[in-house]
Amino acid sequence: MSDPRFAEPVTVVVVHRNRVEQVGLTVEAFRSQTVPTQVMVVDNGSEAGAVAALPSTVGDAELIVTGENLGFGPGANIGMRRFLQGGVGEWVALAPHDAMPEPDAIEKMLSAVHDMPLVGLMSADVGDNALPIIQPFLGSIDAEPTVSEGFDRSDYPHGTLMMCRRRFLSEVGLFDERYFAYCEEAELGIRAARAGWLCGVIRGAEVRNPGMSSSVERVAYLQLRNTLLMLREHYGVRNSLFRILVALVQIPVGLVYEPARGLHWSVRGRLLAIRDHLRGRYGPPPPQVNATEHPHGRTRAA
């Protein structure tokens with residue numbers, strides 16, 4: 001039985017692109033939470049056939065069709081604006097189309113911060129046994145968890161399932177849409193901390209991300225380009241130049257030492273990211289960035 005403290009429905013914004021079968025499972029997982037939910041699906045420029053199949057797939061969930069691929073952050077912003085303007089409740093949850101939360105995930109998240117009014121954003125536990133933090137010269141990195149259950153203070157939330165407080169969004173704002181996808185959660189976490197809000201991962205509130213196909217070059221491009229933007233704007237030009245140097249050094253090291261390559265290894269993606277950062281080009285990746293999917297890495301609705 002759900003906690004009577006959480007009788008007000010939680011708005012859940014699911015950002016979707018071309019994964020009709022998977023988004024149906026995700027919507028059902030959020031409908032089946034142990035606290036009331038109102039699910040909203042923002043379709044981010046899916047192909048015509050996928051768009052036509054969505055109404056029957058998502059059922060009574062509110063469906064918003066953007067007509068173009070705006071990116072994860074801008075797509076999520078559409079849902080969050082709808083929540084701020086006419087939605088009910090204190091919290092809004094955000095997830096991509098392949099998030100699979102445990103039935104009590106949202107209830108555990110709400111319970112963990114019920115008496116913590118300064119928590120503005122939080123995320124579920126993705127099971128990686130890592131704490132997301134921001135290093136001012138490197139960007140988003142992982143640290144060791146500090147607790148095994150409940151609120152684990154972090155610098156930013158995981159995007160697989162995150163929740164934002166209404167008052168926090170009204171004060172700090174939404175995702176910076178220049179990021180398109182990747183690093184937008186980290187940048188929002190920096191703004192949160194500077195405004196006096198707390199962020200954390202809720203250990204024990206489990207969510208998984210079973211979709212494992214993504215364009216390596218596209219992810220490598222977005223992750224590095226957006227990291228450079230975040231470092232420059234929040235920590236200074238020197239920090240972003242240092243990160244460029246690190247990225248350039250990693251290329252020859254990775255070419256001769258495979259374990260140093262990391263999950264999303266693409267020399268071309270890195271070089272294009274540095275080029276576009278120096279040009280001040282953000283938003284959607286340029287057409288020459290390869291969007292062909294490969295069987296590694298979490299998918300994003302972008």
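A salt bridge is a side-chain nitrogen of Lys or Arg within 4 Å of a carboxyl oxygen of Asp or Glu. Keep that cut-off at hand for the exercises below, and remember that you are looking at a predicted model.

**Exercise 1. Decide what joins R203 and D152, and where each of them sits in the chain.**

Solution. 
- Step 1: Look at the side chains. Those of R203 and D152 come together with N and O 3.0 Å apart.
- Step 2: Compare with the cut-off. The pair counts as a salt bridge because 3.0 Å is within 4 Å.
- Step 3: Find the places in the chain. R203 belongs to strand β11 (residues 198–208) and D152 to strand β9, so this bridge links distant parts of the chain, 51 residues apart.
- Step 4: Check the surroundings. Both R203 and D152 are buried.
- Step 5: The structure holds 15 salt bridges.

**Exercise 2. Work out which residues are linked in a network with D176, and whether D176 and R178 are buried or partly exposed.**

Solution. 
- Step 1: Start with one pair. The side chains of D176 and R178 form a salt bridge, 2.7 Å from N to O.
- Step 2: Widen the view. Salt bridges link D176, R178, R232 and E233 in a network.
- Step 3: D176 has a relative accessible area of 17%, so it is buried.
- Step 4: R178, with 30%, is partly exposed.
- Step 5: R275 and D276 form a salt bridge whose closest N and O atoms are 2.8 Å apart. D276 is buried at 0% relative accessibility, while R275 is partly exposed at 24%.

**Exercise 3. Explain why strand β1 is described as largely enclosed, and name the strand it pairs with.**

Solution. 
- Step 1: Count the buried residues. In β1 (residues 10–16), 7 of the 7 residues are buried, so the rest of the structure largely encloses this strand.
- Step 2: Separate the two faces. V10, V12, V14 and H16 lie on one side, with T11, V13 and V15 on the other, and both faces are covered.
- Step 3: Find the partner. β1 pairs with strand β2 (residues 37–43) in the parallel sense, over 7 bridges. Within this pairing, V10 stands opposite T37.

**Exercise 4. Describe the largest nonpolar core and what F168 is in contact with.**

Solution. 
- Step 1: Recall the background. In soluble globular proteins, nonpolar side chains tend to be buried together.
- Step 2: Pick out the central members. The largest nonpolar core has 37 residues, of which M80, L121, C164 and F168 touch the most other members.
- Step 3: Ask who gives the most. Helix α7 (residues 216–235) does, with 5 residues.
- Step 4: Follow F168. Beyond its neighbours within four places in sequence, F168 is in contact with G120, L121, G173, L188, A192 and W197.
- Step 5: Another one lies apart from it and has 34 residues, including V27, W91, L110 and L161.

Methods
Residues numbered from 1 in each chain as written. Predicted model: local features only at pLDDT ≥ 70, side-chain atom pairs only at ≥ 80, totals over all residues. Heavy atoms only, no water. Core = buried A, V, L, I, M, F, W, Y, C linked by side-chain atoms within 4.5 Å. Buried < 20%, exposed > 50% of the residue type's maximum accessible area, 1.4 Å probe, protein only. Helix = DSSP H or I, 4+ residues; strand = E, 2+ residues; numbered from the N terminus. Contact = heavy atoms within 4.5 Å. Pairing = 2+ DSSP bridges.
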